[in-house]
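This report describes selected local features of one protein chain. The sequence and structure are shown first.

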Amino acid sequence: MSTPEVLFQRLQPIPPAHPRPWFPTLPVIGRAGGAGQAFPVASRFLAPDTLMVPSGKVATYWALRDAGVGPGDRVAVPAYHCPTMIYPIVALRARPVFMPVERGLELTAGAVAEALRERVRAVILPHYFGFVQPDTEAVMAACRDAGAVLVEDCAHALYARRGSALPGAWGDYAIASTRKFVPGSEGGALVANQGQRSHPRREPGWTDELRGLWRLLGDAAEVGAIRWPAATPTGLIGPPDEAAAAREALPTPAPAAEIDASACDRLALRSVRRLFANADHDRIAAVRRRRYARWAEALGALPQVRAFAPTLADDQVPYVFPVRLSSPQAQFRALKYRGIAVWRWDHLAQSRCAVSAELALSLIQLPCQHSLDDDAFERLVREFTLALS
Ligand SMILES: Cc1ncc(COP(=O)(O)O)c(C=O)c1O
């Protein structure tokens, strides 16, 4: 059976030849902001049955595979997504059914019910940026009634909670992307609340381990978090010129090879498992909450942006500070040319959801991670504000 084609489109070309970012976009070893008071973390993914795998993408692949997803099956996934949420579906030669999202990124029970009418075998429910989806229980019940498997995507919600309820505990399967919170050269996690887990659990080879350590050190050295003789890359990144940038914005089919077959059946690197097991999760969570509050304070009065959620609940731990730009095309370029590597999901699979297309351009993700030290974080806040002024 031929793979159904999923077309991805970059909604605005990446600005060509922009400076390399000066701060880590993901946590690195060797540097950390001050924590103040620790924040007691609870997470479904800190339970002993968690399987550590190379990435969230690989974890999603195995969750879907164990859900029985195979060639020609349908998988419901939000129209607003990171491409890594779609690659596992493509790798299994299944077909995504795109569910519309609301302006506040809610995935409603109604949208899920609509997808379930298309006889999807599984539903992927992401808690975007660490905010728990308000309709989670209703979605769970609808999936159960329809005989569909619920895969909770907690890539952003490792430490999130809603009261005593923990993301990752609702779905039949749940995945996390540990590298977004804890330093590591890779890192994902898979839990099963119902059903089997057939991941082969191959141990990584020593070349993989060495490559991982090299990358761990290199990533930290690149942003000056540690001193290390490996070359620290300098200069410009992105497409070389406007014409190359425009070409990148053309619709392209999702590559099935995006799931690396050589890493798919193995466990996460030993170094990654060790870093995760020994991480000071309470401190990481505390710094994230403080950073979130600082962004809210610094950007609250800025007319060029609008916070997605200006305040955090007392028990909430965010992934990033999501913010809407008022004139995204120009502002995103300005940020890139200032070396501010903010993320935006402007590379979307084509769908009919206009809200997703609008959010893909306007919603950017500001880092809250602990491995920016306090001075670097304040510099980031300053430069971000200046770039938009
Ligand atoms: C919502 C969401 N799900 C899944 C993933 C995949 O995680 P990983 O990068 O660890 O493969 C990502 C990655 O950015 C993500 O943002």
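## Basis of the description

A residue is called buried at under 20% relative accessible area, exposed at over 50%, and partly exposed in between, with a 1.4 Å probe and protein chains only. Helices (H or I, at least four residues) and strands (E, at least two) are DSSP runs, numbered from the N terminus.

The model is predicted: local features need pLDDT of at least 70, side-chain atom pairs count only at pLDDT 80 or more, and totals for chains, interfaces and linings use all residues. Residues are numbered from 1 along each chain as its sequence is written, and side-chain values use heavy atoms, with hydrogens and water left out.

Two strands pair if DSSP finds at least two bridges between them. Strand E3 (residues 51-53) runs antiparallel to E9 and is joined to it by three bridges; Val 53 has Gly 188 as its bridge partner. Strand E8 (residues 173-176) is also antiparallel to E9, with four bridges, and Ile 175 stands opposite Leu 190.

## Positive phi in two loops

Arg 201 lies in the loop between strand E9 (188-192) and helix H5 (206-222). Although not a glycine, Arg 201 has a positive phi of about 60°. Its relative accessibility is 38%, so Arg 201 counts as partly exposed.

Leu 105, in the loop between strand E5 (95-99) and helix H3 (109-116), is likewise not a glycine and has a positive phi of about 70°. Leu 105 counts as buried because its relative accessibility is 3%.
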